[in-house]
Every structure is written in structure tokens, then in C-alpha cells.
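Please have a look at it first.

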Amino acid sequence: MSQRLLTAAPQESPAPERTQGRDAFFDNAKYLAIVLVAAGHAWEPLRDGSRTVSALYMVVYAFHMPAFIVVSGYFSRNFDGSPERLKRLLTGLVVPYVVFETAYTLFTRWTDQEPDRPVSLLDPLYLTWFLVALFMWRLTTPFWKRVRHPLPIALAVAMLATLAPSIGNDLDLQRALQFLPYFVLGLCLQPEHFRMLRRRAVRVWAVPVFVCALVIAYWAVPRMSGAWFYHRDSAAELGAPAWSGPLMTLVAFGCSLLLVACFLSLVPGRRMWFTVLGAGTLYGYLLHGFLAQGAKFWGWYDPAWIQGPLGALVVGVVAAAIVTVLCTPPVRRVFRCVVEPEMRWGFRRETV
């Protein structure tokens, strides 16, 4: 996602490269994470027919959005509520939300065969919830920077949210509250924390941890709901006892942080062929959803071979290729007017 919306030299690995003020490590991380987001959406229709795909889906959902949110929190540390930063909130989050919430509603009226679906800015549709949540998190940044124990407080808020099904769907507040600890954690991180993650010893353990996570997820698929990692429902809405909500919040937070740490440890710090795409992940995020929503309607999942292992591999590769194209500079130039508009006409000029 755009670095203005969302550096680190380990002792045992080369220092991350910087180009024109950007950090190659974080651009690489954002690109790889958006590829996982797209792959996860592409695998969703294949879960019912494959326990393996379901396990892979659960692992990906356990850490890809937490990784994005931690990085978003890290780059929000300097938010101070100044007029310039509030302007960026409006142009970089509110305007894209209004545009894409409307666009997704109109598009899914056709693909979901619901011609009367209302355009509601209070009920985020599909992946637009992240824009609303990031807007709210950013506005509360000064508070989290002032309190003495921000992360325990944020975890307490998330735990309590699982006990309140009455929160409802307005602004997807349930999800915003349950994902809040990851944002607050990002606010608390410093460059040296990322240097620690990228040490050789951490990288060596990252792959075995992911393998173990896949094995555990394969075992867990028929035994538990992966919806705990979506953070969009209360315990009651998941058919679980109330006490399990706070407990699962802590368990999910620990599991997700472990996988996020492993993921970030494997991200290259040097400039790669895809590094430039890290500046356009917000475009890939917002645009790929139209294809993800339309794929079923267009019959892309109808061939029988798609439901097999080869189909899952092909679907994942195609999703990665599509989101890669959507992050490229030419696509960004076309859609900048709605994703990152300047809107100078809408703001007063500052007087000296």
C-alpha cells in the first residue's frame, strides 16, 4: 500500500537499500503481502473441495492482514493531527473509500444478482473495511502515543469486542476493534525491532515455523473455524461461548505475530525487480477485488480440474500475476485520481 499511508539493517545481513527516500525492505514486504492477499481471495472458492487449500487459506489469513496493519501502524508513528496530515487522511482514505464502496456495490449488484443492494457508506462492502479501519486507527494515534501501556489496552479493547455482538456492522467496527492491537503494535515498533527480525538465526527458523503452521492448520481445518483469524465476528456470532472470545483473541494474536515475524524475516532487504511495486499495493488491493468478485460469476471456477491441486496452483499464480500488474506504475497513473487524488481545489491555501 502507499508508503505515505502505511527502515532496518540487521547485524548479520546487508542493510536495506533506500531509493529516493523509500525503504526497499518495506516495499518488498508490502508487495509480497498483497500477493498473499490476492492468492487468499482466489483460493476462497476452492476451500470446500480441498482440506489442503483450506489449511493454506487459514495460514495465509492468520498473518497477511496483520502484517499490513503492523506496517501501517509503523508508518503512522508521526501522525499528529496536523492540517496536512488530516488532508492526507481525507484524500488517501476517505475519498478512495467513497469511490470504491460505491463501485463495489454497483458491481456486485450485477455479479451477486442483487439489483437492489443499497449503496451504504456505513456498511463497508468486501475489502473496503480496511480503509475505514485505517482512518479510525490513524485518528486515535495521538492517544496511543500518550498512554503508558498502549498494547495491553488495545488488546483489552479487542478482547471486549468479542463479547459484544451488538456492535453490529456499522463501519465494520467489530473488525476495526479486533485488529486494533496490530496497529498499536506497529506504532510501538522502532527500526531496531525490524533489524532483530532479519537476523540470520530468525530467518533459519522461519521456514520450519511455517511448515509447522501448515501441519497444524491441516489438523485444525475439520476441528475449528478459521473465522477467528478474520476478526469480524463476536464469539456469540461464531457459535462459541462468551469466555472463548477473549481467550481466542490472545491465541490468535500470538499465532499471527509469530507468523508475521517469520514472514518479515524472509523479506529481502535489497532492491528486487518487484520493489517498485511496493509503492502501488493500495492500487492492487482495491482493484483486484473486482476480478475476485467477478471470477465466480464469469464461470472461471467451473472446470473440474480447477478443483484439484493443479487448479489451486494455477489460480494462485494467476492471482499473483494480476495483482502484480495492478501495482505497476502505468496502472497507478490511470487510477491515481481516485486512489491518491491531490484535490488542491478542495482545500484552502495556507497563509504565512
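What follows is a short exchange on ring pairs and on charges over rings.

Modeller: This is a predicted model, where local features need pLDDT of at least 70, side-chain atom pairs count only at pLDDT 80 or more, and totals for chains, interfaces and linings use all residues. Residues are numbered from 1 along each chain as its sequence is written, and side-chain values use heavy atoms, with hydrogens and water left out.

Colleague: How many aromatic pairs does a search of the whole structure find?

Modeller: Rings of Phe, Tyr and Trp (its six-membered ring) pair if their centres lie within 6.5 Å. Planes under 30 degrees apart count as stacked, over 60 as edge-to-face and the rest as tilted. The search gives 32 aromatic pairs.

Colleague: Why is the pair of Phe63 and Phe263 called tilted?

Modeller: The ring centres of Phe63 and Phe263 are 5.5 Å apart. The pair is tilted because the planes stand at 45°.

Colleague: Are Phe63 and Phe263 buried or exposed?

Modeller: Buried means under 20% relative accessible area, exposed over 50%, partly exposed in between (1.4 Å probe, protein chains only). By that rule, Phe63 and Phe263 are both buried.

Colleague: What is the relative accessible area of Trp300?

Modeller: Trp300 forms a tilted pair with Trp298, 5.3 Å centre to centre. Trp298 is partly exposed, at 34%. Trp300 is also partly exposed, and its value is 45%.

Colleague: Which ring has the charged end of Arg51 over it?

Modeller: A charge sits over a ring if NZ of Lys or CZ of Arg is within 6 Å of the ring centre and within 35 degrees of the ring normal. For Arg51, the distance to the centre is 4.2 Å, and the ring is that of Tyr218.
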